[in-house]
Every structure is written in C-alpha cells, then in structure tokens.
Amino acid sequence: ANGYELLRDYSKGFRIGAATNTIHYSNSNYNNAMKAFNYMVAENACKFVSIQGTKGKFNFNDCDNHLKKAQELGMDFRGHALVWHSMAPKWLENEDANTMKNSIINHITTVLKHYEGKIDTWDVVNEAIDDSSNGNGWNMRKSFLYNKVPNFIDIAFQTARQVSPKTKLFYNDYNTEGIWGKSESVYQFVADLKKRNIPIDGVGIQYHVSLENNPRFDKINDLISRYCKLGVEVHITEMDVSCDKNCWASDVEQQQGKVFTNALQACLNNSCCTGFLVWGIGDNDSWIGGDKKGLLFNSNYQPKSQYTAVLNLLKST
Ligand code: G3I
C-alpha cells in the first residue's frame, strides 16, 4: 500500500510510464513510486554507449536489470534508444564511413536479438532533425552519424525491421510538441519516411517543456491526430514541465498539472496514441535539476498535485 492511488489502476490498458534508473532502486520510496506506473523506460542503460562502450563487447547488465525490475513490477518496457549521436561511444565516432555503417547494423541486430520477445517497442533513431528546421522541409542534424553515413536513418529502420519484424519502430525527438517550426518539420520528415516505405511504426514526442516556454500547448491534439491520419502510432515519451521563474508562485503545481493533463488528454483523445511517459520519478533525480520541479513526485518520492491531476484525468476517462 503506497498511501495514495496508483495511476496504473485507472489506466484501462493504456501505457502510463516513467523513466527509471537502477542507481535509485535501493531507495524504498523510489520503489514504491515506480509502482504507480505500468510502463518503464531506462533513463540511460539501454543507450548505445551503455551497452557497447567497447566495440564488440556487449554489456547488457544494466539494461537487463531495468527490464527485470519492470517485469517484477508487472510493467511493460520501452527500448530507448538504438541510434543516437549523443551517448554514443568515441570508438564509433572515430570510424570511417563504411565501418561505422556496419557497426550501426551490428549494434541494432545484436540488441534487438537480445531483447526479442521482451521489449516490443524501440526508439530506433533519436533526435536526428536539426533545431533550425522551421517547418519548410527539414534540416538533418549534422552529427557524426549524418556526416559519415547520411542514410543512417533508412539503414537503421530497415535493419531493425529485418531483424525483428514484430518490434514497433519509433522515431523520437524533442521540441516536437504542437504545430510549429521543428515539430512541423519532424512531421514532414516522418511523412517522407512513410512515403518512401521506410519501416517506421511510431513517433515519440518527448515533451520537455516549461511553464514559460510552452507555446505549443493548444496544438498537441491536432498534431497527434495528424500523425494518426498518417498511419503511425504516437507516444509521449519524456514529459517534464519545468517551473522556471514562476517556481515560487502559490499555484505553480496546479499550472504544471494543467500542462501534463493537457498533453495526456490529447493522447487519450486519439486512439493511435498508445503510451505516455514522464522522464524520471522524483524531482531531484531529474536531468533538468530538482529546482525545476518538473516531475510528478517530489524529491522524497511523494506524489505532488501534478500527480493527482494526472490521476484524476485517468479516473474520469
Ligand atoms: O556514465 C558516465 C560516467 O561514467 C561518468 O563518470 C559521468 C561523468 O559525467 O558521466 C556519466 O554519464 C552521464 C550519463 O547521463 C549517465 O549518468 C552523462 O555525463 C550525462 O550527460 C548523461 O545524461 C543523460 C542524457 O540523457 C545523456 O545525453 C541524462 O541522465 C538523461 O536524462 C538524458 O535523457 C535524454 C534522453 O535520453 C533523450 N531525450 C532528452 C533527454 C534529456 O536530455
């Protein structure tokens, strides 16, 4: 008994999740808070450098430990992420084009085979569209991946489909909430993948926003419904809502709660939106820093008013 109601008990089959990290598993309050969810993603453990820090030496321990915890708690598990320019090993960056291409294929193949039947959804490519994209076409991020293997995205999705035909293959990116510059560009990019028959099944909308910089609030429903029409699934994958300058306002948690429920409502409105995850459990563990109070639990892993807002929405749905 957690002393509060669990989101998962009102999710009616919908996947409601959080990013977790084994470094906190020894904390019993953290463990209890994890139980609120029915879906888990590893904050870092299943990334390229975490699994293959040394070329050819695959170390699945930490990623496996996250998955094990999810299974113990009866949670589904989301794979994040196979190919990303960040959290990539130095050895990969230093390879020549053809070797790098083969390393990408080998990584995807080995990881998907290891988790076959255990992880049904993976972010295959993460954050490949450049922030300068303004909705008029798209600019590729000029990462080491793109610079050496310009078609790495096609290769990644095609490899993943071939190795594991049943796995749902996602593209995941930030600043893609609502309808505006970069998110419009990402939409066009995904539509182009579909048009060219590159096997993509879903789009992850990360949803890292703040109260001050949240211009996309009104448009998230339209964006998701547009993706549904395109024939892809949507997950909101990494939500947090920073408070920025208004952190001490008396109603700040209520304001943040509204941003969470606005996004979750948009997801629930659209049947192709099949998962919603926040990026961490307690505020102090968050990548944006505890002072931003961006998550659903406080630093002692007690639910905040944002949690109750999300809970009430699920209850009323
Ligand atoms: O593992 C090394 C450790 O060996 C080293 O001693 C230490 C010194 O800095 O760094 C450790 O790596 C850190 C890693 O987290 C694991 O703790 C990195 O420095 C740190 O940059 C990394 O941050 C993670 C970041 O992704 C990596 O870019 C954050 O925890 C994680 O929350 C964040 O998550 C990303 C999503 O994957 C993609 N979308 C954006 C989101 C937030 O940035």
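Me: At what angle do helix α5 and helix α7 pack?
Reply: Happy to start there! Helices (H or I, at least four residues) and strands (E, at least two) are DSSP runs, numbered from the N terminus. Axes are lines fitted to C-alpha atoms, for helices over the stretch in contact, and angles run from 0 to 180 degrees between N-to-C directions. Helix α5 covers residues 97-114 and helix α7 covers residues 152-163; their axes are 9 Å apart, and the packing angle is about 30°.

Me: Before we go on, what kind of model is this?
Reply: Residues are numbered from 1 along each chain as its sequence is written. Local features need pLDDT of at least 70, side-chain atom pairs count only at pLDDT 80 or more, and totals for chains, interfaces and linings use all residues, since this model is predicted.

Me: Is the crossing of α5 and α7 left-handed or right-handed?
Reply: Look at how the near helix is turned from the far one: anticlockwise by less than a right angle is left-handed, and clockwise is right-handed. For α5 and α7, the crossing is right-handed.

Me: How many nonpolar, polar and charged residues does the contact of α5 with α7 have?
Reply: Residues are in contact if their C-beta atoms, placed from the backbone, lie within 7 Å. On the α5 side we find Lys101, Ile104, Ile105, Ile108, Thr109, Leu112 and Lys113, which meet Phe152, Ile155, Ala156, Thr159, Ala160 and Val163 of α7. Ala, Val, Leu, Ile, Met, Phe, Trp, Tyr, Cys and Pro count as nonpolar, Asp, Glu, Lys and Arg as charged, and the others, Gly among them, as polar. By class, the contact of α5 with α7 has 9 nonpolar, 2 polar and 2 charged residues.

Me: At what angle do the axes of α10 and α11 cross?
Reply: Helix α10 spans residues 252-269, and helix α11 spans residues 305-316. The crossing of α10 and α11 is right-handed. Their axes come within 8 Å, and the angle is roughly 35°.

Me: How do the residues of the contact of α10 with α11 divide?
Reply: From α10, the contact includes Phe260 and Leu264, and from α11 it includes Ala309 and Val310. The classes come out as 5 nonpolar, 7 polar and 1 charged.

Me: Which residue of β9 is the bridge partner of Ala18?
Reply: Two strands pair if DSSP finds at least two bridges between them. Strand β1 (residues 15-20) pairs with strand β9 (residues 273-278) in the parallel sense, over 4 bridges. β1 also pairs with strand β2 (residues 39-42), again parallel over 4 bridges. In β9, the partner of Ala18 is Val278.

Me: How many of the residues of strand β1 are buried?
Reply: A residue is buried if 20 or more other C-beta atoms lie within 10 Å of its own, exposed if 12 or fewer, and partly exposed in between, with C-beta atoms placed from the backbone. Strand β1 is mostly covered, and the number buried is 5 of its 6 residues.

Me: Which residue of β6 does Asn172 stand opposite?
Reply: Strand β5 (residues 168-173) and β6 pair in the parallel sense over 4 bridges. Both faces of strand β6 (residues 202-205) are covered, with Gly202 and Gly204 buried on one side and Val203 and Ile205 buried on the other. Opposite Asn172 stands Gly204.

Me: Is Asp283 buried or exposed?
Reply: Asp283 lies in the loop between β9 and α11. Asp283 and Leu295 are 12 residues apart in sequence, and their C-alpha atoms are 5.5 Å apart in space. Because Asp283 has 22 C-beta neighbours inside 10 Å, it counts as buried.

Me: Why does Asn298 count as partly exposed?
Reply: Asn298 is also in the loop between β9 and α11. Leaving aside neighbours within four places in sequence, Asn298 is in contact with Gly282, Asp283 and Lys304. Asn298 counts as partly exposed because its C-beta neighbours inside 10 Å number 18.

Me: What is the phi of Met87?
Reply: Most residues other than glycine have a negative phi. Met87 sits in the loop between β3 and α4, and Met87 is exposed, with 12 other C-beta atoms within 10 Å. Although Met87 is not a glycine, its phi is positive, at about 55°.

Conventions
Two residues are in contact if their C-beta atoms, placed from the backbone, lie within 7 Å.
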